[in-house]
Amino acid sequence: MKILGIETSCDDTGVALYDDQFGLLFNEKISQSIHNKYGGIVPEIAAREHLLNIIKLVNVILNKKNINKKHISAIAYTAGPGLVGSLLIGSSFSISLAYSLNIPTIPINHMEAHLLSVMLEDQCPIFPFLTLLVSGKHTQLIYAKKIGIYYLLGESLDDSAGEAFDKISKKLGLRYPGGPEISKISKFGVFNKYFFPRPMLHSKNLNFSFSGLKTSVSNFIDQFSFLSFQNKADISNAFENAIIDVLVSKCEKAIIQNNLNRLVVAGGVSSNFLLRKKLKIMLSKYNGRVFFPRNEFCTDNGAMIAYTGFLKLHSKIYKSNLNIKVYPKWNIYK
């Protein structure tokens with residue numbers, strides 16, 4: 001089976017081809033740098049860019065990679081959550097192409113795809129396991145019992161970790177997306193030069209809240225009439241450590257409460273070096289292990305969509321039809 005994966009949930013257009021015998025044959029994406037000057041995603045522009053990029057990438061598979069489209073067994077596409085315009089481009093393209101080839105379509109929740117992206121690695125966890133999903137719009141702790149059966153343990157009550165990174169990055173005059181930019185400059189910061197609050201760090205539940213931290217850092221930045229590079233580095237260092245401390249602490253609580261020491265970390269923020277380092281140290285106390293997808297699978301990508309589509313096709317847990325439906329606020333948990 002060859003599964004074509006289409007990802008268009010936000011601003012990255014991802015296309016991949018997964019083969020049940022040979023694994024991942026193709027995985028490419030085009031990121032929309034046009035949004036940098038706006039400091040965030042402009043939904044209408046994102047949708048229009050997807051329309052151009054998706055055709056380019058699929059043509060690369062069919063032409064340069066010499067793949068016969070008649071050999072494609074099914075098309076998996078992101079149906080949610082995400083920006084409704086971007087999702088509609090991907091779904092309408094996928095369903096139209098599937099109709100012309102007379103093959104099934106598999107709508108995919110791209111947060112579930114993030115959760116399962118670690119399965120593309122040679123070493124992956126067995127079910128059940130805990131998952132920390134940290135992306136631009138989501139911060140969630142999930143108990144993954146088996147494919148398709150997930151339970152929400154905790155989530156952000158306001159801003160996600162990714163949103164907090166983006167907003168403080170913009171406040172510091174750094175580029176979008178904020179997470180990688182803050183991580184880069186924080187390496188030059190003086191550790192503990194500043195200290196910011198760790199919201200809900202000592203609460204018994206597994207929920208998150210980053211709005212107050214964002215406001216605290218933003219107000220602190222406003223005290224400066226001029227921000228030098230070192231000021232920005234010191235603030236970034238303190239801010240990054242505050243977010244990471246909260247994420248690690250909540251993961252540790254989840255491990256203790258659920259008596260389960262296998263942890264998967266997925267989503268864009270999962271590529272953060274400091275987060276990976278501190279989680280590995282924490283898991284070692286419980287003789288546990290943390291699993292990360294490689295960096296190219298942390299951000300939105302077609303590979304995770306194609307692979308999740310393969311799993312659902314193989315297990316026959318999908319519903320194929322030609323209705324163009326998207327779910328901007330689609331949850332994966334029960």
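1. Pro-81 sits in the loop between strand S4 (74-80) and helix H2 (84-101). Helices here are DSSP runs of H or I with at least four residues, strands are runs of E with at least two, and both are numbered from the N terminus. The peptide bond leading from Gly-80 into Pro-81 is cis, with omega near -15 degrees. Keep in mind that this is a predicted model: local features need pLDDT of at least 70, side-chain atom pairs count only at pLDDT 80 or more, and totals for chains, interfaces and linings use all residues. Residues are numbered from 1 along each chain as its sequence is written, and side-chain values use heavy atoms, with hydrogens and water left out.

2. There is another cis bond to look at, between Tyr-176 and Pro-177, where omega is about -5 degrees. Pro-177 belongs to the loop between H4 and helix H5 (178-186). As background, most residues other than glycine have a negative phi, and most peptide bonds are trans.

3. Met-200 is in the loop between H5 and H6, and it counts as partly exposed because its relative accessibility is 24%. (Buried is under 20% relative accessible area, exposed is over 50%, and partly exposed is in between, using a 1.4 Å probe and protein chains only.) Asn-287 also has a positive phi, near 50 degrees. Asn-287 lies in the loop between H8 and strand S10 (289-291) and is exposed, with a relative accessible area of 74%.

4. Now the inside. The largest nonpolar core has 44 residues, and Phe-196, Phe-239 and Leu-279 have the most contacts inside it. A nonpolar core here is a set of buried Ala, Val, Leu, Ile, Met, Phe, Trp, Tyr and Cys residues joined through side-chain atoms within 4.5 Å. H7 supplies the largest share of this core, 12 residues. Leaving aside neighbours within four places in sequence, Phe-239 is in contact (heavy atoms within 4.5 Å) with residues including Phe-165, Ile-182, Phe-196 and Val-217. A second, separate core of 32 residues includes Ala-74, Phe-297, Ala-303 and Ile-332.

5. Ile-243 and Phe-165 are 78 residues apart along the chain, with their C-alpha atoms separated by 8.9 Å. Beyond neighbours within four places in sequence, the contacts of Ile-243 are Ala-161, Ala-164, Phe-165, Phe-210 and Leu-213.

6. Asp-234 is also placed in H7 (residues 229-258). What surrounds Asp-234, apart from residues up to four places away in sequence? It touches Phe-188, Gly-189, Val-190, Lys-193 and Tyr-194. A polar atom of the Asp-234 side chain lies 2.7 Å from the backbone nitrogen of Val-190. Asp-234 counts as buried because its relative accessibility is 2%.

7. Last, the second largest pocket. A pocket is an open set of points on a 1 Å grid over the protein atoms alone, where a 1.4 Å probe fits, with protein on both sides within 12 Å along at least five of seven lines; lining residues have an atom within 4 Å of a point. This one holds about 460 Å³ of space, where volume is the space filled by probe spheres set on the points, with points joined across faces, edges and corners. Its lining has 20 residues, and Pro-107, Ile-317, Tyr-318, Lys-319 and Trp-330 lie nearest the centre. Strand S5 (residues 105-109) gives the most to the lining, with four residues.

Conventions
Polar contact = N/O pair within 3.5 Å; in protein donor to acceptor, adjacent residues only side chain to side chain.
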